[in-house]
Amino acid sequence: MRNELKRRLKAGEQVYGVWMTIESPIVTELLSTLGFDYFVFDTEHSPLDIYKSQTLMQAMRDMGTTPIVRVWWNDLVPIKRALDVGAYGVVVPWVNTKEQAEMAVKACRYAPEGLRGCGPRRAAMLDPDYLRTADEEILIIAQIETRQAVENIEDILSVDGIDVTYIGPADLSASHGHLGDMPHPEVQEAIDRVFDASRAAGVATGVHMGSGKTIMDRVEKGYNFITVGNDLGFVRTGAMEILRELGRV
């Protein structure tokens, strides 16, 4: 296994990706030809499960887009299943403490360093070196989406193996008492704190679209792992453009 996306992030490059939520292989196949750096298949807030995520990964053209799964919880079972079907990394939600960050890392690594069960299935099907290389190549992304996580961000960043801190602005705004108000100054202050701490620790920082500022604001700030949209949003945007041309909206 060789994870070029992880290498690029370690080198400080900026990468751009898409949140995948539609249960259609042809949508994934089409988008995988356009040049995005990564897809995150969302099993937390979309209808996707592990089986469907595997199917969508199989539909991807081999054109440089890296498959990642957002698991539904920080737990050994969903993490190992996502990795076993071929994910090159995981987004782990609700990482609020150092102990939870350590659990996420252990779930991604085989014994003796970790707790991942050994049954890599599709991930190793065509890769005889998988077991030897997976521990170092898997991309581990800790989602920072609560007031508690922000308060503990330095402790979370001290955990060896966390490759990216990923800001979830919707839950972060809710946790600060500003549900849906991502531009609120208190929410933006929390986002900046995560970015500054991650930069100081030499860890890449990611951000979800709709974070209260534009994508280009985040690019210019220096975020590394930037989600520019989701598949469903792309469908809506395209349809709305046509309706505007027709004067219907």
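User: Which backbone oxygen does the side chain of Ser46 reach?
Analyst: Bear in mind that this is a predicted model. In it, the Ser46 side chain gets to the backbone oxygen of Asp42, at 2.4 Å.

User: And where is Ser46 found?
Analyst: Ser46 sits in the loop between β2 (38-42) and α3 (50-59). Setting aside residues up to four places away in sequence, Ser46 touches Met20 and Thr21.

User: Is Ser46 buried or exposed?
Analyst: Ser46 is buried: its relative accessible area is 14%, and the cut-off for buried is under 20%.

User: What about α3, how many of its residues are buried?
Analyst: Seven of the ten, so α3 is largely enclosed by the rest of the structure. The buried ones are Ile50, Ser53, Gln54, Thr55, Leu56, Met57 and Ala59.

User: What do those buried residues pack against?
Analyst: They pack against α2 (25-31), β2, β3 (66-70), α4 (76-84) and α6 (122-125).

User: Which side-chain oxygen is at work at the start of α3?
Analyst: One from Asp49, which comes to within 3.3 Å of the backbone nitrogen of Tyr51.

User: OK, switching to charges. How many salt bridges does the structure hold?
Analyst: There are 13. One of them joins Glu186 and Arg147, with the closest N and O atoms 3.3 Å apart. Glu186 is in helix α11 and Arg147 in helix α8 (residues 147-151), so this pair ties together parts that are 39 residues apart in sequence.

User: How accessible are those two, Glu186 and Arg147?
Analyst: Glu186 is partly exposed at 28% relative accessibility, and Arg147 is partly exposed at 31%.

User: Which residue does Glu154 form a salt bridge with?
Analyst: Arg193, and the closest N and O atoms are 3.3 Å apart. That pair links distant parts of the chain, with Glu154 in helix α9 (residues 153-157) and Arg193 in helix α11, 39 residues apart. Glu154 has a relative accessible area of 43%, which makes it partly exposed. Arg193 is partly exposed too, at 34%.

User: Which residues do salt bridges with shared partners join into one network?
Analyst: Lys6, Lys10 and Asp163.

User: What meets Asp129 in a salt bridge?
Analyst: The side chain of Arg132, at 3.6 Å from N to O. Asp129 counts as partly exposed at 35% relative accessibility, while Arg132 counts as exposed at 64%.

User: Back to loops. Where does Pro183 lie?
Analyst: Pro183 is in the loop between α10 (169-175) and α11 (185-201). Its contacts, leaving out residues up to four places away in sequence, are Gln188 and Gly212. The C-alpha atoms of Pro183 and Lys213 are separated by 7.0 Å, although the two are 30 residues apart along the chain.

User: Now the surface. Which residues form the nonpolar patch there?
Analyst: Ile242, Leu243, Leu246 and Val249, with about 370 Å² of accessible area together. Ile242 belongs to helix α13 (residues 231-245) and is partly exposed at 47% relative accessibility.

User: Last one, the whole chain: how does its radius of gyration sit against a compact globule?
Analyst: It agrees: a compact globule of 249 residues would be near 18 Å, and the chain has 18 Å. The C-alpha atoms fill a box of roughly 60 × 40 × 30 Å along the principal axes. The chain has 13 helices and eight strands, and 52% of its 249 residues are buried.

Notes. Residues are numbered from 1 along each chain as its sequence is written. This is a predicted model: local features need pLDDT of at least 70, side-chain atom pairs count only at pLDDT 80 or more; totals for chains, interfaces and linings use all residues. Side-chain values use heavy atoms; hydrogens and water are left out. Patches are made of residues with over 30% relative accessible area and no salt bridge: like charges are joined within 9 Å, nonpolar side chains (Val, Leu, Ile, Met, Phe, Trp, Tyr) within 5 Å. Accessible areas come from the Shrake-Rupley method with a 1.4 Å probe; for residues, only the protein chains shown count as cover. A salt bridge is a side-chain nitrogen of Lys or Arg within 4 Å of a carboxyl oxygen of Asp or Glu. Helices (H or I, at least four residues) and strands (E, at least two) are DSSP runs, numbered from the N terminus. Buried means under 20% relative accessible area, exposed over 50%, partly exposed in between (1.4 Å probe, protein chains only). The radius of gyration is taken over C-alpha atoms; the globule rule is 2.2 Å times the number of residues to the power 0.38. A polar contact is a pair of N or O atoms within 3.5 Å; within protein, one must be able to donate a hydrogen and the other to accept it, and residues adjacent in sequence count only if both atoms are side-chain atoms. Contact means heavy atoms within 4.5 Å.
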